[in-house]
Amino acid sequence: MDKERPMRRVSDSVVEQVQVVLSCHINGAGRLFGGQLMEWIDVVAGVVARRHSRRDQTTAAVDSLQFREPVHVNDTLILVGKLTYVGRTSMEVQVESFVEALDGSRKLVNTAYFVMVALDENDHPVQVPGLILETEEEREAWSAGEKRYELRKHRRIENY
Ligand SMILES: CC(C)(COP(=O)(O)OP(=O)(O)OC[C@H]1O[C@@H](n2cnc3c(N)ncnc32)[C@H](O)[C@@H]1OP(=O)(O)O)[C@@H](O)C(=O)NCCC(=O)NCCS
């Protein structure tokens, strides 16, 4: 790793966002519209990347977007975004969405991985700070993120 590269903790850029699901967010099947959830997730991922890089950034890829449970009107939705991996200019952000019950318990409804790329003043990719891993969970998330990074690279090469 670059000796001069600044480093930041995962906890420095964590984002938690709360939404109460309203009738305007519901689709014809009476469930939360998936595109609405994706918009909320996109904002959370963008703010995580912005806090880490202190740069503008753009979304390069979205994957592993899995919907596990339906979400209904009046549900309290909690979105938690955190960095799992950083390359040179890219950052992988995991966003988990939970429905929170009245007793405070949370049920996971969605997991997404966004790849955000930091941009300089001329809109070119620019190096981001490295990531300080402090817990076993963060180290495991990093290894899984590194595998996804390599997989995405292979996929891009295959698509050329
Ligand atoms: C993302 C983007 C800036 C990458 O530009 P590029 O010229 O390909 O730059 P590079 O090849 O140097 O790649 C920069 C980083 O992006 C990553 N990257 C590029 N394309 C990617 C893709 N399809 N999936 C995942 N990561 C990608 C590279 O791995 C690299 O990361 P690293 O520095 O950590 O190794 C450019 O493709 C772009 O502007 N795309 C449009 C993004 C956009 O408008 N998003 C909004 C969608 S509505």
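A residue counts as buried when its relative accessible area is under 20%, as exposed when that area is over 50%, and as partly exposed in between. In this predicted model, Glu134 has a relative accessible area of 41% and is therefore partly exposed. Its side chain forms a salt bridge with Arg9, with 2.9 Å between the closest N and O atoms; the pair joins distant parts of the chain, since Glu134 belongs to the loop between β7 and α2 whereas Arg9 belongs to strand β1 (residues 7–9), 125 residues apart. Arg9, with a relative accessible area of 37%, is partly exposed as well.

From this contact the view can move to the interior. In soluble globular proteins, nonpolar side chains tend to be buried together. Here the largest nonpolar core holds 30 residues, of which Leu77, Leu79 and Met91 touch the most other members. Helix α1 (34–53) and strands β4 (76–86), β5 (90–100) and β6 (106–119) each supply at least two residues of this core, and α1, with seven residues, gives the most. Met91 shows how such a position is surrounded: beyond its neighbours within four places in sequence, its contacts include Ala49, His52 and Ser53, Leu83, Tyr85 and Val86, and also Phe114, Val115, Met116 and Val117.

Helix α2 comes next. Its 24 residues, 136–159, should span 34 Å at 1.5 Å a residue, and because the C-alpha atoms at its ends are 35 Å apart, the model agrees with that expectation. Glu138, Trp142, Gly145, Arg148 and Arg152 are the buried residues of α2, and the buried residues of this helix pack against β3 (56–67), β4, β5, β6 and β7 (130–132).

Part of the link between α2 and β4 is aromatic. A search of the whole structure finds two aromatic pairs. Tyr85 and Trp142 form a tilted pair, 4.5 Å centre to centre and with 50° between the planes; Tyr85 lies in strand β4 and Trp142 in helix α2, so this pair ties together parts that are 57 residues apart in sequence. Both of these residues, Tyr85 and Trp142, are buried. Tyr85 also forms a tilted pair with Tyr149, at 5.3 Å centre to centre and 45° between the planes, and because Tyr149 lies in helix α2, this pair ties strand β4 to a part of the chain 64 residues away in sequence. Tyr149 is partly exposed at 25% relative accessible area, whereas Tyr85, at 8%, counts as buried. Through these ring pairs Tyr85, Trp142 and Tyr149 are linked into a cluster. Another ring has a charge over it: the charged end of Arg148 sits over Tyr113, 3.7 Å from the centre of its ring.

Side chains of opposite charge can pair when their charged atoms come close. The whole structure contains 11 salt bridges. In one of them Arg155 meets Asp63, with the closest N and O atoms 3.9 Å apart, and the pair links helix α2, where Arg155 lies, to Asp63 in strand β3, 92 residues apart. Asp63 counts as buried at 13% relative accessibility, while Arg155 is partly exposed at 41%. Both residues belong to a network of salt bridges that also links Glu92, Arg148 and Arg152.

Methods
Residues are numbered from 1 along each chain as its sequence is written. This is a predicted model: local features need pLDDT of at least 70, side-chain atom pairs count only at pLDDT 80 or more; totals for chains, interfaces and linings use all residues. Side-chain values use heavy atoms; hydrogens and water are left out. A nonpolar core is a set of buried Ala, Val, Leu, Ile, Met, Phe, Trp, Tyr and Cys residues joined through side-chain atoms within 4.5 Å. Buried means under 20% relative accessible area, exposed over 50%, partly exposed in between (1.4 Å probe, protein chains only). Helices (H or I, at least four residues) and strands (E, at least two) are DSSP runs, numbered from the N terminus. Contact means heavy atoms within 4.5 Å. The expected span of a helix is 1.5 Å times one less than its number of residues. Rings of Phe, Tyr and Trp (its six-membered ring) pair if their centres lie within 6.5 Å; planes under 30 degrees apart count as stacked, over 60 as edge-to-face and the rest as tilted. A charge sits over a ring if NZ of Lys or CZ of Arg is within 6 Å of the ring centre and within 35 degrees of the ring normal. A salt bridge is a side-chain nitrogen of Lys or Arg within 4 Å of a carboxyl oxygen of Asp or Glu.
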